[in-house]
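Here is a briefing for a reader who is new to this structure. Look at the sequence and the model, then read on by topic.

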2 protein chains.
Amino acid sequence: MAADHAAGRLAVATLPGIGEIVPGDDLPTIVAESLGAAVASGGALVDLAPLRPDDVVVVTSKVVSKAEGSIVDLATIEPRPEAVAFAARWDRDPRQVEVVLREARRVVRMANGVLITETEHGFICANGGVDASNVGPRSGDIVLLLPRDPDASAAAIRAAIRAIVGIDLAVIVSDSFGRPWRWGITDVAIGVSGIAPIEDLRGTPDADGRVMRSTIRAVADEIASAAELALGKVGGRPVALVRGAVPDRRESSIGEALIPAASDLFR
Amino acid sequence: MAADHAAGRLAVATLPGIGEIVPGDDLPTIVAESLGAAVASGGALVDLAPLRPDDVVVVTSKVVSKAEGSIVDLATIEPRPEAVAFAARWDRDPRQVEVVLREARRVVRMANGVLITETEHGFICANGGVDASNVGPRSGDIVLLLPRDPDASAAAIRAAIRAIVGIDLAVIVSDSFGRPWRWGITDVAIGVSGIAPIEDLRGTPDADGRVMRSTIRAVADEIASAAELALGKVGGRPVALVRGAVPDRRESSIGEALIPAASDLFR
């Protein structure tokens with residue numbers, strides 16, 4: 001994969017050796033050590049050595065939230081009447097609905113059993129990113145929240161890779177979001193470090209020399225989606241290395257990818 | 001790339017040898033012959049040989065529309081007063097606005113200079129998919145429409161690959177769509193053949209044995225996004241081969257990915 005890599009190729013490899021993550025785990029060190037071991041002589045990803053400055057590490061938010069303790073035990077939650085009523089009508093857990101409402105800066109839609117909120121980060125997503133699947137071996141009372149500051153989570157992983165592996169790679173923290181109008185979830189970036197989430201091609205010429213008027217590529221979201229295809233949804237594989245995506249290494253934040261309310265037509 | 005390919009790996013390669021496409025070109029044969037030549041002995045993608053039944057071919061809609069003649073010469077268009085007014089207010093071409101309105105089954109939003117419509121296919125997207133960039137060497141009077149029946153376009157390419165290369169591969173026709181709430185476009189599937197656009201994991205157990213309640217993976221959209229990372233936006237590279245995405249080879253149509261109006265909260 002490394003030797004024949006050339007322009008017009010993309011390669012995604014899942015990082016082996018990362019087990020169950022629990023609160024308090026030093027995830028940045030775990031990711032960095034696994035990456036270093038995987039590309040070292042004898043490692044599972046030795047064909048990817050040497051790492052390259054345009055490689056991108058994608059880490060799913062689920063393990064970030066677990067390690068950082070962004071976890072709520074629903075047994076501690078007293079739902080408000082609005083949450084009880086919505087949950088009863090749509091066969092949902094009222095305590096989970098309560099957590100979603102507590103995490104919300106604003107409710108965007110609350111209908112048809114679907115609860116779409118704007119989180120404190122500015123993300124608009126189903127259930128405010130509160131996640132009840134694949135949260136660990138404990139039974140149904142544990143839910144995961146989004147990481148408090150996903151850019152900072154990405155920066156910490158990036159710093160550990162720099163310190164332990166000796167290379168400065170871009171890092172994306174990803175999560176699975178739905179979209180209006182189309183069924184299904186795709187993985188998107190919710191935190192970035194060392195990569196700009198969008199690439200603004202406005203004002204640059206297209207293949208015919210015509211100035212492109214409105215093309216902004218959501219590169220980090222596409223990288224997160226490509227990583228998801230390799231990681232899958234049920235395999236317990238939380239980290240991928242993406243090579244060939246030509247990331248824009250500009251320092252940025254995920255906020256750059258979010259449309260402010262004043263420019264938005266759907267809230 | 002082929003030899004070391006294993007579970008948890010994704011590889012995307014751009015197909016070389018496809019030049020400018022013009023109306024009347026037999027795109028299915030061109031794609032199939034290029035694919036066959038690329039993986040043949042001495043070809044540019046010989047490291048990908050042999051092709052595998054879970055490889056997916058992604059073709060951007062732009063070349064499909066060109067080959068099929070889904071093209072409008074704006075010099076022939078007489079804009080209605082509503083198009084003239086909107087275009088004047090937002091510094092747009094009134095003839096292009098007119099074409100978008102003609103292609104629309106329904107206008108979803110028409111504000112802030114943004115025109116979001118539902119096309120006859122059922123896609124909801126900016127400018128109804130009408131595309132004025134990278135349309136060819138002619139100057140600004142030509143726009144591309146979406147292919148009339150992208151599933152049929154994908155099926156024709158699939159049939160040509162089967163006939164010429166001798167393997168039945170899934171084919172996706174892709175286009176670049178924006179999303180509410182986040183800046184930037186990502187590539188999504190607008191036509192499929194030999195692959196289901198979504199993978200419904202509802203009712204299957206997650207890694208902890210808990211039944212997943214609402215996970216539908218938009219696999220074809222993620223494959224389209226992964227392909228876009230390799231193809232880029234300005235390179236004139238319209239076809240990619242994606243290996244490792246574990247496509248669901250169920251016969252389907254892109255309609256399966258579209259949320260019907262009755263279930264939708266954002267139109």
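Predicted model: local features only at pLDDT ≥ 70, side-chain atom pairs only at ≥ 80, totals over all residues.

**How the chains meet**

- The copies meet through the same surface, because 100% of the interface residues of chain B are also interface residues in chain A.
- Chain B brings 59 residues to the contact, and chain A brings 60 residues.
- On chain B, the elements that each supply at least two residues to the side touching chain A are β1 (9-14), β4 (104-111), β9 (182-193), β11 (216-217) and α6 (219-231).
- Of these, α6(B) gives the most to that side of chain B, with eight residues.
- The side of chain B that touches chain A holds 30 nonpolar, 13 polar and 16 charged residues.

- Strand β1 (residues 9-14) of chain A is joined to β1(B) by five bridges.
- β1(A) and β1(B) run antiparallel.
- In this pairing, A:Leu10 stands opposite B:Val12.

**A charged residue at the contact**

- B:Arg182 has its place in strand β9 of chain B.
- Is B:Arg182 buried or exposed? B:Arg182 counts as buried, because it has 24 C-beta neighbours inside 10 Å, and the cut-off for a buried residue is 20 or more.
- Leaving out residues up to four places away in sequence, B:Arg182 touches A:Ala218, A:Ala257, A:Leu258 and A:Ile259.

**The nonpolar core**

- The largest nonpolar core has 160 residues.
- Which residues have the most contacts inside this core? They are A:Ile172, A:Ile223, B:Ile172 and B:Ile223.
- B:Ile223 touches A:Leu229 in chain A.
- Within chain B, B:Ile223 touches B:Val56, B:Val58, B:Ile172, B:Val242 and B:Ala245. Residues up to four places away in sequence are not counted here.

**Strand β2 of chain A**

- Strand β2 (residues 56-60) of chain A is mostly covered, and five of its five residues are buried.
- In a regular strand, side chains alternate between the two faces of the sheet.
- A:Val56, A:Val58 and A:Thr60 point one way from β2(A), while A:Val57 and A:Val59 point the other way.
- β2(A) runs parallel to β8(A), and five bridges join them.
- β2(A) runs antiparallel to strand β12 (residues 239-243) of chain A, and four bridges join them.

**Domains of chain A**

- The domain assignment of chain A gives domain 1 (11-66 + 147-258) and domain 2 (71-144).
- The C-alpha centres of domain 1 and domain 2 of chain A lie 26 Å apart.
- Their contact takes 11 residues from domain 1 of chain A and 10 residues from domain 2 of chain A.
- Which elements give two or more residues to the side of domain 1 of chain A that touches domain 2? They are α2 (61-68) and β8 (170-179) of chain A.
- That side of domain 1 of chain A divides into four nonpolar, three polar and four charged residues.

Note on methods
Residues numbered from 1 in each chain as written. Chains lettered and ligands numbered in written order. Core = buried A, V, L, I, M, F, W, Y, C linked by C-beta atoms within 7 Å. Buried ≥ 20, exposed ≤ 12 C-beta atoms within 10 Å, placed from the backbone. Contact = placed C-beta atoms within 7 Å. Domains from an automatic or database assignment. Nonpolar A, V, L, I, M, F, W, Y, C, P; charged D, E, K, R; others polar. Pairing = 2+ DSSP bridges.
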